Amino acid sequence: MTLCPLCRLRLGQAGRVVSFRDSADHWFTFEVCLHCTARLERLPIRLQLRQLDAAISNLWRHPKRYDLTPHDTETEAILA
């Protein structure tokens with residue numbers, strides 16, 4: 001069972017795929033649910049980035065709960 005890292009509820013339908021780089025220069029992607037995506041789109045960009053940082057923090061605290069996909073390069077992560 002996969003969870004949305006923002007609302008921590010079951011991920012039914014993915015609304016957005018987010019790519020990010022960790023401190024060791026590894027690229028990853030994760031999915032955010034449709035409900036959280038709609039909520040994020042109503043926020044200013046600065047607050048969207050803060051929310052996504054919180055989601056990344058949740059990913060690192062409990063990696064088994066979320067679907068985290070590693071990528072070799074930045075291009076692969078962005079195209080995902």
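Is Cys7 buried, exposed or partly exposed, and what is its relative accessibility? Cys7 counts as partly exposed because its relative accessibility is 27%, where buried means under 20% relative accessible area, exposed over 50% and partly exposed in between (1.4 Å probe, protein chains only).

The views below show a predicted model, in which local features need pLDDT of at least 70 and side-chain atom pairs count only at pLDDT 80 or more, while totals for chains, interfaces and linings use all residues. Residues are numbered from 1 along each chain as its sequence is written, and side-chain values use heavy atoms, with hydrogens and water left out.

View 1. A disulfide is a covalent bond between the sulfur atoms of two cysteines. The structure holds 0 disulfides, the term being used for a pair of cysteine sulfur atoms within 2.5 Å. Cys7 is in no disulfide, and the nearest cysteine sulfur, in Cys36, is 3.7 Å away. For Cys33, the closest cysteine sulfur is also that of Cys36, at 3.5 Å, which is too far for a bond. Cys33 is buried, with a relative accessible area of 6%.

**View 2. The aromatic cluster.** Phe20, Phe28, Phe30 and Trp60 form one aromatic cluster. Rings of Phe, Tyr and Trp (its six-membered ring) pair if their centres lie within 6.5 Å, and planes under 30 degrees apart count as stacked, over 60 as edge-to-face and the rest as tilted. The structure holds 4 aromatic pairs. One of them joins Phe20 and Phe30, which are edge-to-face because their planes stand at 65 degrees, with ring centres 5.7 Å apart. Phe20 lies in strand β1 and Phe30 in strand β2, so this pair ties together parts that are 10 residues apart in sequence; strands (E, at least two residues) and helices (H or I, at least four) are DSSP runs, numbered from the N terminus. Phe20 and Trp60 also form an edge-to-face pair, 6.1 Å centre to centre and with 75 degrees between the planes. Trp60 lies in helix α2, so its pair with Phe20 in strand β1 ties together parts that are 40 residues apart in sequence.

**View 3. Packing of two helices.** Helix α1 (residues 34-41) and helix α2 (residues 45-61) pack at an angle of about 145 degrees, with their axes 9 Å apart; axes are lines fitted to C-alpha atoms, for helices over the stretch in contact, and angles run from 0 to 180 degrees between N-to-C directions. Arg39, Leu40 and Glu41 in α1 meet Gln48, Gln51 and Leu52 in α2, contact meaning heavy atoms within 4.5 Å.
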